[in-house]
Amino acid sequence: MTNFNQLPSNLPIPQDDGAADHLVGMRLPSVTLNTTTASRFNLGESKGRLVIYCYPMTGQPNVALPEGWDQIPGARGCTPQSCSFRDHYQELRTLGVEVFGLSVQSTEYQKEMADRLHLPFPVLSDADYQLQKALQLPTFVAAGMTLLKRITLIVNNGVIEAVHYPIFPSDSDPVWVIDYLKNNPA
């Protein structure tokens with residue numbers, strides 16, 4: 001069985017392909033997404049600061065990852081990334097941000113992961129690619145699925161102020177976010 005909590009040491013490192021260069025300064029669209037907390041969230045109506053970390057897909061216990069998953073730069077590491085945001089959640093809240101995970105997986109699929117990992121924040125489902133299309137978020141295809149590339153958005157009153165892309169290793173993402181927030185107070 002694959003251990004989703006550990007990253008293999010030989011993962012390929014994603015390179016910056018410029019696919020996120022257009023995002024800083026963009027306003028979040030008025031898109032309402034389902035959450036793992038049985039609610040809906042309209043991104044365009046957000047107030048204050050948000051951290052939205054986007055990831056391709058989380059694995060499930062006893063379910064094989066797509067063939068070749070570990071060879072796709074940046075694909076592996078969704079569980080360590082989510083656990084790292086969980087572990088840094090209180091510090092992020094102290095810095096005045098709300099945290100959201102986001103993938104194109106269904107809310108039901110995400111709920112299993114959020115419960116299993118004890119995530120204290122909601123995970124948003126962009127299963128219909130509404131946010132992805134509106135912001136032209138970078139994607140890749142694996143096993144016939146179009147998935148988001150790993151990217152984190154820091155949003156202030158609905159406007160993207162910073163982007164972390166590419167992210168490697170995945171569990172380093174919250175440390176980058178915390179550093180950015182400390183050096184760029186609202």
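Helix H3 (residues 107-117) has its buried residues covered by elements that include E1, H1, E4 and strand E5 (123-125); contact here means heavy atoms within 4.5 Å. Helices (H or I, at least four residues) and strands (E, at least two) are DSSP runs numbered from the N terminus. The buried residues of H3 are Thr 107, Gln 110, Met 113, Ala 114 and Leu 117. They fall within an arc of 125° seen down the axis of H3, so they line one face of the helix. The arc is taken over the directions from the helix axis to the C-beta atoms. Buried means under 20% relative accessible area, exposed over 50%, and partly exposed in between (1.4 Å probe, protein chains only). After H3 comes His 118, with a positive phi near 55°.

The model is predicted: local features need pLDDT of at least 70, side-chain atom pairs count only at pLDDT 80 or more, and totals for chains, interfaces and linings use all residues. Residues are numbered from 1 along each chain as its sequence is written, and side-chain values use heavy atoms, with hydrogens and water left out.

The sheet is open and has 7 strands in the order E2-E1-E5-E4-E3-E8-E9, with mixed pairing. Its edges are strand E2 (40-42) and strand E9 (159-164), each of which pairs on one side only. On average, neighbouring strands of this sheet are turned by 35° against each other, direction ignored. Two strands count as paired if DSSP finds at least two bridges between them. Strand E1 (residues 32-35) runs antiparallel to E2 and is joined to E2 by 3 bridges; Thr 32 has Asn 42 in E2 as its bridge partner.

Helix H1 (residues 78-87) lies across strand E3 (49-54), strand E4 (97-103) and strand E8 (151-156), at about 155° to E3. Axes are lines fitted to C-alpha atoms, for helices over the stretch in contact, and angles run from 0 to 180 degrees between N-to-C directions.

The peptide bond from Tyr 165 to Pro 166 is cis, with omega near -15°. The bond from Phe 168 to Pro 169 is cis as well, with omega near -10°.
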